[in-house]
Amino acid sequence: MGAFLDTPKTEKYNEHGEGNGLKYGVASMQGWRLEMEDAHRAITGLEGGLTDWSYFAVFDGHAGALVSAHSAEHLLECIMQTEEFKAEDVIKGIHSGFLRLDDEMRDLPQMSSGSDKSGSTAVCAFISPRNIYIANCGDSRMVLCRSGNPIFSTRDHKPGLPAEKERIQKAGGSVMIQRVNGSLAVSRALGDYEYKNVEGRGPCEQLVSPEPEIFVLDRDEENDQFIVLACDGIWDVMTNEDLCDFIHSRLLLTDDLEAVTNQVIDTCLYKGSRDNMSIVLVTFPGAPKPCPEAQKKEAELEMAIERRIKAIVAQQEGKEGFDFLQLLQYLMDEDLPNLPPGGGLAAKQPFIEHIFREVCPSRADSQH
Ligand code: MN
């Protein structure tokens with residue numbers, strides 16, 4: 001933690017698919033961090049007679065990528081193989097699956113030898129024809145957007161929460177600077193076995209707990225629009241409302257979900273996120289569809305931005321020190337109307353860079 005690259009790694013990993021009336025897009029990016037420790041999984045159509053079920057999950061690793069990668073690969077099967085899940089008790093199955101995976105990972109050679117001390121958050125959603133089952137462990141987050149509003153969100157497990165703090169203290173630990181023993185910023189996670197060694201206490205009573213908080217929602221075929229699962233690299237710089245508004249507005253422009261998730265990540269980068277970023281976007285049949293009116297409005301916004309850039313550049317012609325950051329500052333002061341809701345000017349930064357490069361190539365290149 002605490003170490004950053006000189007320039008962010010902005011190459012993105014993408015994935016998309018559809019099934020069961022759902023469409024999904026995935027984007028992830030290393031960003032400013034030295035390593036990429038996030039992982040994810042997205043599947044429509046599960047095995048074992050559950051072809052009309054789907055599963056989506058995001059894992060945010062810390063102190064290494066072993067636990068996040070292993071969890072992305074095995075959590076689903078671990079849950080589905082529990083007796084409870086097979087007996088159609090989905091909630092108990094999810095609960096047992098999390099604990100079983102956490103218990104099994106302890107025996108991985110890298111773990112038992114102590115050479116790996118990594119941990120990971122986990123947030124996942126099972127979507128059945130009637131319900132959405134959500135499980136959260138840590139500070140990644142899932143949000144449901146219904147009728148344009150974020151009507152449901154998981155709760156981030158931060159050490160400062162009263163119930164979390166109580167468990168930590170009962171296990172002989174403390175919460176300092178909002179961290180477990182002044183060190184770990186999440187109070188629930190898979191892995192992190194250094195924090196799971198208190199004698200005489202069960203797996204869910206340790207300093208760090210692998211216990212998921214589980215929620216069940218009824219689907220609303222008419223009004224459910226999309227869910228988002230994302231790590232804190234996204235939520236650090238966008239509120240639930242911001243992200244719902246932004247995605248909602250992008251879905252009116254395109255049905256390319258990879259493009260939408262890429263725009264979310266770029267926007268978060270420009271809003272100042274310094275973390276790894278991962279986002280899984282799943283749309284329901286009731287999601288907004290591209291519409292010519294919204295597309296026309298966005299085109300007008302881009303024309304207006306281009307005009308403003310040209311005017312500012314003309315004004316600054318020949319002045320020393322004028323650069324991209326100053327241009328951004330001028331544009332910010334302008335209070336441009338109709339910027340993307342929830343995204344603002346940051347959402348148009350790639351476009352602004354592109355125009356600046358066109359009208360002012362010498363200044364654009366002296367940037368970095
Ligand atoms: Mn993170």
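**Metal site and salt bridges**

Let's start with Lys296, which is exposed at 56% relative accessibility. Cut-offs: buried is under 20% relative accessible area, exposed over 50%, partly exposed in between (1.4 Å probe, protein chains only).

This is a predicted model: local features need pLDDT of at least 70, side-chain atom pairs count only at pLDDT 80 or more, and totals for chains, interfaces and linings use all residues. Residues are numbered from 1 along each chain as its sequence is written, and side-chain values use heavy atoms, with hydrogens and water left out.

Back to Lys296. Its side chain meets Glu300 in a salt bridge, 3.7 Å from N to O. That term means a side-chain nitrogen of Lys or Arg within 4 Å of a carboxyl oxygen of Asp or Glu. Both residues sit in helix α9 (residues 292–316), 4 residues apart, about one turn. Helices (H or I, at least four residues) and strands (E, at least two) are DSSP runs, numbered from the N terminus. Glu300 is partly exposed, at 38%. Elsewhere, shared partners join Arg250, Glu298, Glu302 and Lys348 into one salt-bridge network.

Now the metal. What coordinates the manganese ion? Asp60, Asp232 and Asp275 do, each through OD, at 2.2 to 2.3 Å. Donors are N, O and S atoms within 2.8 Å of the metal (3.2 Å for Na, K and Ca); water is not among the atoms, so sites may look incomplete. The spacing is D-x171-D-x42-D. Asp60 is in strand β4 and Asp232 in helix α6, 172 residues apart. Asp60 is buried at 8%, and Asp232 at 14%.

Asp275 is buried too, at 9%. Asp275 also forms a salt bridge with Arg33, at 3.7 Å. That pair spans 242 residues, from strand β2 to the loop between α8 and β15. Arg33 is partly exposed, at 22%.
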